Amino acid sequence: MYIPKYFKVENVDEILDFVQKNSFGTIVTTEQGKPIATHLPLGFNKKGDDYYITGHIAYGNPQVGTLETCQDVLVMFQGPHAYISSSWYGHEEVPTWNYQAVHIYGQASILERDELIEELTIMMEKYEKHRENPILWGNLSPQLLERQLKAIVGFKIKVEDIQAAYKLSQNRNETDYMNIIDQLQNEGDPNSEQLAAVMKNISSR
């Protein structure tokens with residue numbers, strides 16, 4: 001991923017937090033030179049000194065066969081993004097697009113049954129524990145769980161390289177930067193509003 005110096009992010013903890021909050025990612029592998037992609041909810045955690053992406057994929061998905069044979073698996077995560085009109089600047093310039101994106105490369109391996117159950121348990125707790133009637137692994141019948149386990153394949157990807165770009169108008173002067181935030185907040189678009197919140201948070205650091 002091409003990342004100009006203004007927009008490069010190197011703080012691993014910050015990237016980890018971003019991935020946790022934007023965990024619906026895209027896994028890309030190749031088969032005979034042809035890219036294959038699947039969109040999935042994913043986990044991102046640290047074990048010892050290593051970072052891992054975990055998830056599961058439908059047993060019938062043809063990408064399953066490429067997970068362990070592909071030398072480098074690419075996983076992409078994206079945050080809020082929006083069009084930036086150059087009419088919001090105090091000088092002549094062309095429009096652009098602001099965004100947050102993280103690309104992670106690594107080697108994939110298939111999870112054993114116990115590892116897959118652990119991954120599913122953690123994922124369900126993440127998205128269910130705050131609900132009034134949470135659906136957790138231990139609440140479901142063994143028959144249902146067994147059927148579901150047979151229908152999916154779990155995997156983990158050992159992280160070998162992380163590339164993160166936050167293109168958030170860091171190269172603009174303070175007046176233009178704050179005006180971009182104001183304009184995004186008034187766009188009436190959820191992505192624009194979310195992006196404005198991200199930019200506002202960064203400016204307050």
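Visitor: Let's start with the pair itself: are Phe-18 and Tyr-166 buried or exposed?

Guide: Phe-18 and Tyr-166 are both buried, where buried means under 20% relative accessible area, exposed means over 50%, and partly exposed is in between (1.4 Å probe, protein chains only). Before we go on, keep in mind that this is a predicted model, so local features need pLDDT of at least 70 and side-chain atom pairs count only at pLDDT 80 or more, while totals for chains, interfaces and linings use all residues. Residues are numbered from 1 along each chain as its sequence is written, and side-chain values use heavy atoms, with hydrogens and water left out.

Now the rings. There are three aromatic pairs in the structure. In one of them, the ring centres of Phe-18 and Tyr-166 lie 5.5 Å apart with their planes at 45°, so this pair is tilted. For the cut-offs: rings of Phe, Tyr and Trp (its six-membered ring) pair if their centres lie within 6.5 Å, and planes under 30 degrees apart count as stacked, over 60 as edge-to-face and the rest as tilted. Phe-18 belongs to helix H1 and Tyr-166 to strand E9 (residues 152-167), so to speak two distant parts of the chain, 148 residues apart, linked by the pair. Helices (H or I, at least four residues) and strands (E, at least two) are DSSP runs, numbered from the N terminus.

Tyr-83 and Trp-97 are edge-to-face, with 5.9 Å from centre to centre and 70° between the planes. That pair, too, links distant parts of the chain, with Tyr-83 in strand E7 (residues 82-84) and Trp-97 in strand E8 (residues 96-110), 14 residues apart. Tyr-83 is partly exposed at a relative accessible area of 40%, and Trp-97 is partly exposed as well, at 43%.

Back to Phe-18, and to the space beside it. The second largest pocket has a volume of about 280 Å³. It has 13 lining residues, and Phe-18 is one of those closest to its centre, along with Asp-17, Lys-21, Gln-100 and Val-198. Helix H1 (12-21) and helix H5 (190-203) are the elements giving two or more residues to this lining. By class, the lining of the second largest pocket divides into six nonpolar, three polar and four charged residues. Here Ala, Val, Leu, Ile, Met, Phe, Trp, Tyr, Cys and Pro count as nonpolar, Asp, Glu, Lys and Arg as charged, and the others, Gly among them, as polar.

As for what a pocket is: on a 1 Å grid over the protein atoms alone, where a 1.4 Å probe fits, it's an open set of points with protein on both sides within 12 Å along at least five of seven lines, and lining residues have an atom within 4 Å of a point. Grid points are joined across faces, edges and corners, and the volume is the space filled by probe spheres set on the points.

Of its 205 residues, 41% are buried, and Phe-18 and Tyr-166 are among them.
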